[in-house]
Structures are given as C-alpha cells and as structure tokens.
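Dear colleague,

Please find below the structure that I am handing over to you. My findings follow directly after it.

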Amino acid sequence: MSIQVYLVVIFICFLGGPIFVGIMGRNVYRQYYSAQMKFDIDFDEMAEAEQRLRDFMQDNNIAISDNVIDDVAQKLEVITGGVSNTIQNNAELIIIDGKKAVILKDSLNAQERTFCFAHECAHLIYGDPVPQTRPEGRDKDIIEQKADYLAAAMILPREIVCKFLADNNYDGLSSSKRVKLIDRMSKKYNVKDVVLMRRIQEVKALESLI
C-alpha cells in the first residue's frame with residue numbers, strides 16, 4: 001500500500017468513525033423512544049382510567065388545574081414519607097402511624113419523584129390494597145400499568161393536554177419546534193419528556209375515537 005492510499009484510508013476512517021457512531025447513536029435513541037411510546041394498556045382500559053379519575057375529581061370537588069395531583073393527594077389523605085436508600089422499588093405506599101405515606105427511593109430525581117408519588121395515589125384511586133409499590137422496568141403487571149397511566153393522567157389532565165395541543169398548533173409544527181415545546185411543557189409539569197410525549201399520544205388516540 002502506497003503512503004498516499006494509506007493516508008486516504010486513515011482519513012476516511014477518521015471522518016467516517018464519528019459519522020458511524022452518530023448514526024448508531026441516533027438509531028439507539030429512536031429505538032428507545034419507540035419502545036417508550038408503546039401503550040401498555042388498551043383503549044378501553046385507558047378510557048376507563050380517564051372516567052375513574054373524572055368521577056373521583058367530581059365526587060371530591062377537584063377542579064381541573066395544573067395542580068390536580070396535589071388536590072388528589074389531599075383528598076386521599078396521603079403524604080410524602082420522605083426518601084430512603086433501603087427500599088427495593090422506586091416508591092412504596094405504606095401506613096406510618098395510621099397515615100398513608102409514600103416513601104421514595106433517594107436516587108430518584110425530582111421528575112421521577114413526582115411521577116412515583118402520583119403512581120401511588122393512582123393505586124388508592126383504583127382501590128388497590130396497601131402496601132403498594134412502583135417497581136422499576138417496563139415488564140410490570142396490569143395493576144402497575146394502570147397505575148402508571150392514571151399517574152400521567154393526574155399530572156397531565158386530558159383537558160389541559162388538549163388545550164396545549166390546540167393553542168400551540170402542535171400538529172402543524174416542525175419536529176424541531178415540537179422538541180422545544182415539549183421541553184418547555186415537561187419543565188412546567190416536572191415530568192420527563194418521554195412521559196409528556198407518551199401522554200400526548202394517548203390523548204390524541206383517545207380524542208380520535210370520540
């Protein structure tokens with residue numbers, strides 16, 4: 001191999017390496033988000049969860065707002081029981097001194113703590129027995145999947161998501177503008193962007209059936 005050919009090969013490898021890594025990285029990124037966007041429960045179960053939350057809010061005079069989860073927790077008489085580095089799950093709903101309390105794993109960030117707390121409140125709305133948990137991973141049983149759905153519905157009520165989509169012409173935006181919009185709203189409601197994106201897809205699916 002001549003020195004010229006050798007240098008050309010080195011240059012191609014040098015230039016192509018980052019491109020290859022970038023392409024692979026984007027593929028992994030897309031696969032991750034595609035997996036996260038898959039619905040865990042079917043449309044009937046989603047509609048039933050929405051109705052259950054709506055009935056609970058009406059029965060307890062809770063208005064649709066940006067703070068539904070706080071109002072729901074107050075009506076359920078459930079408190080935050082602090083954090084722990086010994087619990088196995090992301091969160092545990094237990095009874096402490098006669099009060100319902102949610103213990104959160106200390107390694108969770110603020111967004112994860114919000115969602116886990118809402119998840120445990122969802123168990124109570126469903127009438128699930130105490131104690132309950134929010135285990136890690138996606139391979140959870142139907143009870144946990146329903147609680148996950150209802151948690152997202154409390155943090156991001158259907159009516160608020162619909163208004164958000166309409167006010168911002170979501171369907172008419174470019175991909176880059178959607179990303180900025182989702183980032184802004186995920187910060188406002190203190191949830192991960194993937195939770196918001198999934199919630200948007202759920203609401204859009206439900207609205208299409210009306």
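Eleven salt bridges are present in this predicted model. One of them pairs E50 with R199, with 2.9 Å between the closest N and O atoms. This pair connects distant parts of the chain, as E50 belongs to helix α2 (residues 43–59) and R199 to helix α8, 149 residues apart. E50 is buried, at 5% relative accessible area, and R199 is buried as well, at 1%. Both residues take part in a network of salt bridges that also includes R198 and E202.

A further salt bridge joins K192 and E112 at 3.0 Å, N to O. K192 sits in the loop between α7 (175–188) and α8, whereas E112 is in helix α4 (residues 110–125), so the bridge ties together parts 80 residues apart in sequence. K192 is partly exposed at 31% relative accessibility, as is E112 at 22%.

Within helix α6 (residues 158–167), D167 and K163 are four residues apart, about one helical turn. Their salt bridge has its closest N and O atoms 2.6 Å apart. D167 is exposed at 52%, and K163 is likewise exposed at 52%.

Turning to helix packing, α5 (residues 142–155) and α8 (residues 193–208) pack at about 90 degrees, with axes 11 Å apart; the two helices are therefore roughly perpendicular. Y149, A152 and A153 of α5 meet R199, E202 and L206 of α8. This contact comprises four nonpolar and two charged residues, with no polar ones.

Finally, the structure contains zero disulfides. C121 is buried at 0% relative accessibility, while C162 is partly exposed at 24%.

Yours sincerely

Terms used
Residues are numbered from 1 along each chain as its sequence is written. This is a predicted model: local features need pLDDT of at least 70, side-chain atom pairs count only at pLDDT 80 or more; totals for chains, interfaces and linings use all residues. Side-chain values use heavy atoms; hydrogens and water are left out. Axes are lines fitted to C-alpha atoms, for helices over the stretch in contact, and angles run from 0 to 180 degrees between N-to-C directions. Angles under 35 degrees count as roughly parallel, over 145 as roughly antiparallel, 65 to 115 as roughly perpendicular and the rest as oblique. Contact means heavy atoms within 4.5 Å. Ala, Val, Leu, Ile, Met, Phe, Trp, Tyr, Cys and Pro count as nonpolar, Asp, Glu, Lys and Arg as charged, and the others, Gly among them, as polar. A disulfide is a pair of cysteine sulfur atoms within 2.5 Å. Buried means under 20% relative accessible area, exposed over 50%, partly exposed in between (1.4 Å probe, protein chains only). A salt bridge is a side-chain nitrogen of Lys or Arg within 4 Å of a carboxyl oxygen of Asp or Glu.
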